[in-house]
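Biologist: Please take a close look at the salt bridges in this model, and at the parts of the chain that they link.

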Amino acid sequence: DIRFFATLKANAYGYGLMLAAKAVVAAGADALSLVSLEDAIALRRAGIQVPILVYAGTVPEKDIVRAVEKHDVIPTLHSEESLAAFARYATREIRVAVKVDVGPERIGVPAEQAVAFVRSVVQHPKLRLEVINAHPSVPGKGRIADCLEWQYRRFVSICEELEQAGIGVPYKVVADSKILLMTGRSMLLNAVDP
């Protein structure tokens, strides 16, 4: 019951984007996740049809929104500016992700503002919430388990508050490679992105 987003950043970590994408899709990956919209477009042009999540980055301009629409990828909204750009330039319904900063200091909507931000997203008629994700960060040493647990609880609390408000989130992702290695199954929700 856990959706598998195979993360293929940095040319699939040097293994070759196209080769790795075809391999993980053939092996059963439900979706792909990337940093680069250009890589997502290249995969679409090569015939890869699974959902592709593009991680948060810069604020998009009109041409970026058009490319997202044309190639049916899932962009990540991470700020009021990114939300405003997609809300302004979308011409049809776009599936979107929301990146939440659960700390310490990662890119994303601050955890304290996440519920209000998601409400704004779902109220827009051309934006459909598909994913909410976070990328926990751990200190190099010290109370690593406590830090991870604090970030995880913040994320889960946001998801619970959204559910109580009647906002369904199809996929909740907080478990990447490092988290899975450090915690096993204890921080799994309904999707992972190793």
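Modeller: The model is predicted, and the count of salt bridges in it comes to nine. One of them joins the side chains of arginine 3 and glutamate 130, with an N to O distance of 3.9 Å; the cut-off for a salt bridge is 4 Å. Arginine 3 belongs to strand E1 (residues 3–7) and glutamate 130 to strand E7, so this pair ties together parts that lie 127 residues apart in sequence. Arginine 3 and glutamate 130 are both buried.

A second pair is glutamate 112 with arginine 154, whose closest N and O atoms are 2.3 Å apart. Glutamate 112 sits in the loop between strand E6 (109–110) and helix H6 (114–123), while arginine 154 is in helix H7 (residues 144–164), so the parts tied together here are 42 residues apart in sequence. Glutamate 112 counts as exposed because its relative accessibility is 64%, and the class begins over 50%.

Glutamate 163, with a relative accessible area of 49%, is partly exposed. Some salt bridges share partners, and these join Arg3, Asp72, Glu93, Arg95, Arg128 and Glu130 into one network.

Seven of the eight residues of E7 are buried, so the strand is largely enclosed by the rest of the structure. Strand E5 (residues 94–101) pairs with E7 in the parallel sense over seven bridges; within this pairing, valine 100 has alanine 134 of E7 as its bridge partner. E7 also pairs with strand E8 (residues 171–175), again in the parallel sense, over three bridges.

Notes: Residues are numbered from 1 along each chain as its sequence is written. This is a predicted model: local features need pLDDT of at least 70, side-chain atom pairs count only at pLDDT 80 or more; totals for chains, interfaces and linings use all residues. Side-chain values use heavy atoms; hydrogens and water are left out. Buried means under 20% relative accessible area, exposed over 50%, partly exposed in between (1.4 Å probe, protein chains only). Helices (H or I, at least four residues) and strands (E, at least two) are DSSP runs, numbered from the N terminus. Two strands pair if DSSP finds at least two bridges between them.
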